[in-house]
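The following note reviews a single protein model point by point. Please read it alongside the sequence and the coordinates.

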Amino acid sequence: MNDLIVFEYLINPNKRIFWVYIISSILITFIYFIYTKKSNKVILSSKLWLHPSAKLDYSYFFLGYFINVFLLIPFILSAKSVAFAVSRFLYLNFGMVQNTFFSYKETLLLYTLALFVCSDFTRYILHRLLHEVKFLWEFHKVHHSAKVLNPLTFYRVHPVENILFGLRYSLSVGFVTGIFVYFFGAMIDIYMIFGANVFIVIFSLLGSNLRHTHVPISYGKYLEKIFISPKQHQIHHSNKHFDKNYGGYLAIWDYMFGSLKLSKDVKVLKFGLRKEQMKEYTTIRGILFFPFRNLFNRRQL
């Protein structure tokens, strides 16, 4: 069964740790340290990769897979159902339309871009809510309890948060798809590489995995107002800047809504929660149950 897990996550281009993305991240890291001549001592240290926080990430990754596949995904509303409901609503209320303005290739580009932008924007909104709504923050604390970062820290997420992100995906993708099906027909498709949205692949190849590492790559003060760099997401994980850089791939949402922090403005990064909170998230049992206990103690459950 373990072979199946590794097989799926490593060969699926829609997953963060798709083997091509891992290799591209390693190459970018290698070029970064050669070009900047900075010490690579930390990134090569066994103290980083064998830190208790990292070991917890590794073990929770496997458990999280089973929770998602067998307990969560079967019950989450599908994007296809949302798309059908939206297109049907538009047809019943506004009648049939026929596209004569955009070519098929232009429609594919529009649909591909709309999916990427809408998904990224809704990810920003939900991520910000997870920080600003106290009830949700109890669950999102799990992700920020990582003392050191590695690519599998991306999967250190409480099942409640996974449900919310699953619903966000279904609603955002289904909404956009329903509108495009209504205007352009059911044969709509997207531009893909490796079978995934071309924009997702491009950004993943450019180092998405480095966001959860100790490789502080910056895009510079101008590009970081458009795209989230690895260093910017690391800033988000630093305990003094949890309220900055909520964006997924695009930084424009942070720029527009006042939550942007550029790499040049932060020199020291210290990851994890406050010391007295960290002890609650050192085991899988703590990750899964302490959020509920904390809410119960505060009479929010």
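**Notes on the model**

1. G207 sits in the loop between α9 (198–205) and α10, where helices (H or I, at least four residues) and strands (E, at least two) are DSSP runs numbered from the N terminus. At 3% relative accessibility, G207 is buried; buried means under 20% relative accessible area, exposed over 50%, and partly exposed in between (1.4 Å probe, protein chains only). Leaving aside neighbours within four places in sequence, G207 is in contact with S25, I28 and P230, contact meaning heavy atoms within 4.5 Å. G207 and Q234 are 27 residues apart in sequence, and their C-alpha atoms are 13 Å apart.

2. On provenance, this is a predicted model, in which local features need pLDDT of at least 70 and side-chain atom pairs count only at pLDDT 80 or more, while totals for chains, interfaces and linings use all residues. Residues are numbered from 1 along each chain as its sequence is written, and side-chain values use heavy atoms, with hydrogens and water left out.

3. The protein contains 13 helices and 2 strands. Along the principal axes, the C-alpha atoms fill a box of roughly 60 × 50 × 45 Å.

4. Of the 301 residues, 46% count as buried. The accessible surface comes to about 16600 Å², and 69% of this belongs to carbon and sulfur atoms; the areas come from the Shrake-Rupley method with a 1.4 Å probe, and for residues only the protein chains shown count as cover. Among contacts between residues at least 6 apart in sequence, 73% join residues at least 24 apart.

5. H144 belongs to helix α7 (residues 134–144) and is buried, at 0% relative accessibility. Beyond its neighbours within four places in sequence, H144 is in contact with H127, H131, W137, H236, H237, F242, G272 and L273.

6. L129, in helix α6 (residues 104–132), is partly exposed, with a relative accessible area of 38%. Its C-alpha atom is separated by 12 Å from that of F165, 36 residues apart along the chain.

7. Two residues other than glycine have positive phi. For K37 the angle is near 60 degrees; K37 lies in the loop between α2 and α3 and is exposed, with a relative accessible area of 72%. For N245 the angle is about 55 degrees; N245 lies in the loop between α10 and α11 (252–256) and is buried, with a relative accessible area of 0%.

8. The second largest pocket holds about 430 Å³ of space. It is lined by 20 residues, of which V42, I43, H214, L269 and F271 lie nearest its centre. The elements giving two or more residues to this lining are α2 (19–36), α3 (46–49) and α10 (230–237). The lining divides into 10 nonpolar, 5 polar and 5 charged residues, with Ala, Val, Leu, Ile, Met, Phe, Trp, Tyr, Cys and Pro counted as nonpolar, Asp, Glu, Lys and Arg as charged, and the others, Gly among them, as polar. On a 1 Å grid over the protein atoms alone, a pocket is an open set of points where a 1.4 Å probe fits, with protein on both sides within 12 Å along at least five of seven lines, and lining residues have an atom within 4 Å of a point. Grid points are joined across faces, edges and corners, and the volume is the space filled by probe spheres set on the points.
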